[in-house]
Amino acid sequence: LEWGADKAVVHSVRSPAVPPGLVAVVEILRRMQLETFRWPVGRTTFQKLAYFATAEGLPTGLEFSRSSYGPFSPDLKLGVNRLINNGLVEERHKGQMFEVLVGPTYEQMKGQLQTQLTKYEPSIDRIADLFLRKNTSQAEVAATVHYAAKELSTRLRRPPTEQEVLAEVLEWKRRRKPPLKVDVVATCIRHLAVLGWIHVQASTAIPA
């Protein structure tokens, strides 16, 4: 589990302030929930939503580093607790997972932060569109590819090749069980590049 609290507890909206970037993540979640056919958002996927929001420059107050399931921020546990305590999100058992859902006070908070959310609209819409059709595993791969591409770009001081990103992700995930499929990672690299999420040099050899 990526944060505690087996049950969602809704208190008053006078808990510690929630960073506006995290409210934007809840707005992304709300837009995803409006779709009839969608994958449920569990704790891992919510973590990846927060990662992409942070990478887009939204003020989430989070820092991410490598972990077994891709980029991870331990501080998100506190952020989610604040969201729950303010009634902005709630968690419900869904099979073997905890589904994260928009909470009962979100619309009230959204009204108070409408000016800021309007400023974040391009990023909110872009991230929601990216995640609408991703399950938990696909969200993990997408965040891992994005993080690896950014690290390589900084380290190499140039856009990495698709093959370099593929090798970096597979090395990062070599102990994963079950292992990631090479063609799945390669296709994700190509997909994120086409959508402008990562900047890479094309490699004709990758099985995408």
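Me: On what basis are the residues numbered and the values computed?
Reply: Residues are numbered from 1 along each chain as its sequence is written, and side-chain values use heavy atoms, with hydrogens and water left out. This is a predicted model, in which local features need pLDDT of at least 70 and side-chain atom pairs count only at pLDDT 80 or more, while totals for chains, interfaces and linings use all residues.

Me: Which pattern does the protein chain follow along the sequence?
Reply: The protein chain holds nine helices and two strands, where helices (H or I, at least four residues) and strands (E, at least two) are DSSP runs numbered from the N terminus. Read along the sequence, the pattern is α-α-α-β-β-α-α-α-α-α-α.

Me: How are the rings of Tyr51 and Tyr147 arranged: stacked, edge-to-face or tilted?
Reply: Rings of Phe, Tyr and Trp (its six-membered ring) pair if their centres lie within 6.5 Å, and planes under 30 degrees apart count as stacked, over 60 as edge-to-face and the rest as tilted. A search of the whole structure gives six aromatic pairs. For Tyr51 and Tyr147 the centres are 6.2 Å apart and the planes stand at 50 degrees, so the pair is tilted.

Me: How many residues apart are Tyr51 and Tyr147?
Reply: Tyr51 belongs to helix α2 (residues 43-55) and Tyr147 to helix α7 (residues 136-156), so that this pair links distant parts of the chain, and the separation is 96 residues.
The term buried means under 20% relative accessible area, with exposed over 50% and partly exposed in between (1.4 Å probe, protein chains only). Tyr51, at 4%, counts as buried, and Tyr147 is likewise buried, at 14%.

Me: What is the angle between the planes of Phe52 and Phe131?
Reply: Phe52 in helix α2 and Phe131 in helix α6 (residues 121-131) lie 79 residues apart. Phe52 is buried at 0% relative accessibility, and Phe131 is buried at 1%. Their aromatic pair is edge-to-face, with 5.4 Å centre to centre and an angle of 80 degrees.

Me: Over which ring does Arg126 lie?
Reply: A charge sits over a ring if NZ of Lys or CZ of Arg is within 6 Å of the ring centre and within 35 degrees of the ring normal. The charged end of Arg43 sits over Phe98, 4.0 Å from the ring centre. Arg126, at 3.8 Å from the ring centre, lies over the face of Trp197.
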